[in-house]
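Subject: Structure handover

Hello,

Here is the structure we discussed, with sequence and coordinates. My notes on the sheet, the helices around it and the nonpolar cores follow below.

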Amino acid sequence: MFNSKFGSIPKFYVRAPGRVNIIGEHIDYCGYSVLPMAVEQDMLIAVEPVKTQTLQLANTNPLYPDFSTSSNNIQIDKTKPLWHNYFLCGFKGIQEHFGLSNLTGMNCLVDGNIPPSSGLSSSSALVCCAGLVTLTVLGMNLSKVELAEICAKSERYIGTEGGGMDQSISFLAEEGTAKLIEFSPLRATDVKLPSGAVFVIANSCVEMNKAATSHFNIRVMECRLAAKLLAKYRGLQWGKVLRLEEVQTKLGVSLEEMLWITEDALHPEPYSPEEVCRCLGISLQELRTQILSPNTQDVPIFKLYQRAKHVYSEAARVLQFKKICEEAPDDTVQLLGELMNQSHASCRDMYECSCPELDQLVDICRKFGAEGSRLTGAGWGGCTVSLVPADKLTSFLANVHQAYYQRSDRNLTFEKQSLFATKPGGGALVFLEA
């Protein structure tokens, strides 16, 4: 296909995997550790550097049109999350990191088998893949950690205020192990998963592109406001505080104590922008220009209590999950499943990032033998991840397929990638032509 598009053959290939987050949802951008693993599905790019300064992008999927631009004038349109913009994020991130202006052009053909808008991080895999492509073409070197940090930062060009989990696991993943990913500084620790169970991903087939709506960025902003109000309540200098984790660190207390402080400091009723301003002693103008992001300036209410409660309790669940895996990896499937179930309830009720189809799919998965099941990824659609005892896997897949995908009112074409067991895959790689 590359040959038919460009009339030549690629010089090398780059792959970057998608990921499933086992537990730790919507807390990476609050500064807390998460527990993902790479999946076997990935993005793959075939690359040929060229003498001209033109970047030509094509996709094996006819739904994604070809695109070309000058390699020295990268414009990323935040209003439309088109597929090629994710490539441009990775390209521009490397370009800016090295402060380069005269970049060589390249022909690239992109292929991928991560279901799009499913919460398995297809967009971040494309950003990471593009970053590694650009680095390889330039003949430069960076560590995996540096690459992950650059790609996390550069994905924000598209307007999503994400944390860094997706890019970190894409580069730092190793086959056969999940990773506890910690931030500031970025580091990854192996977490051995129980051998008697498998993780099964089920796609709700409700598509959710987090750059196409403001749901995601509103949650980021609610967490930022909650952090500032909690900091002010406890007499800290709240002006520079951006993340809920910073409040805990500055106070030197446990996650459990942070939950008590949240109970004292914040009320369950939604906050208006005016009330936030009164609490912080600032004007509406200051709130809009100095704290809120451009696409959250007109939000009428903020649910600060609920978001902080979710983040602090979810952060505690991640640490508990890791501890259980370390202490008794093989007879703990039930305990791990219970943590996943609690995580879903919190995502549904406190963070409000589920949807009816995800809730139904989670219920079906538990009914047919999953010890735990929860939404994974940003939510509002996308996938669930379930912990299923290995001896129940065959019947589980058949029953879930029938109960969710074969319902006549769903009108779904069942594809293999909608429901599959997965094991931890490896991270991003460059394949050089012989």
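Helix α12 (residues 333-349) lies across β8 (197-203), β9 and β10, and runs at about 40° to β9. A further helix, α14 (residues 393-405), packs on the sheet as well, where it touches β8, β10 and β11. The direction of α14 makes about 15° with that of β8. Please keep in mind that this is a predicted model.

The sheet itself is open and has 4 strands, in the order β9-β10-β8-β11, with antiparallel pairing. Its edge strands are β9 (372-376) and β11 (419-422), each of which pairs on one side only. On average, neighbouring strands are turned by 25° against each other, direction ignored. Between β9 and β10 (residues 383-389) there are 5 bridges in the antiparallel sense; at Gly372, the bridge partner in β10 is Leu387.

On side-chain packing: the largest nonpolar core has 125 residues, and Phe87, Leu244 and Phe321 touch the most other members. Helix α6 (residues 215-233) gives the most to this core, namely 11 residues.

What is Phe321 in contact with, leaving aside its neighbours within four places in sequence? The list is Ile22, Ile23, Leu35, Leu193, Phe199, Leu336, Leu339 and Met340.

Regards

Note on methods. Residues numbered from 1 in each chain as written. Predicted model: local features only at pLDDT ≥ 70, side-chain atom pairs only at ≥ 80, totals over all residues. Heavy atoms only, no water. Pairing = 2+ DSSP bridges. Helix = DSSP H or I, 4+ residues; strand = E, 2+ residues; numbered from the N terminus. Axes fitted to C-alpha atoms, helices over the stretch in contact; angles between N-to-C directions. Contact = heavy atoms within 4.5 Å. Core = buried A, V, L, I, M, F, W, Y, C linked by side-chain atoms within 4.5 Å. Buried < 20%, exposed > 50% of the residue type's maximum accessible area, 1.4 Å probe, protein only.
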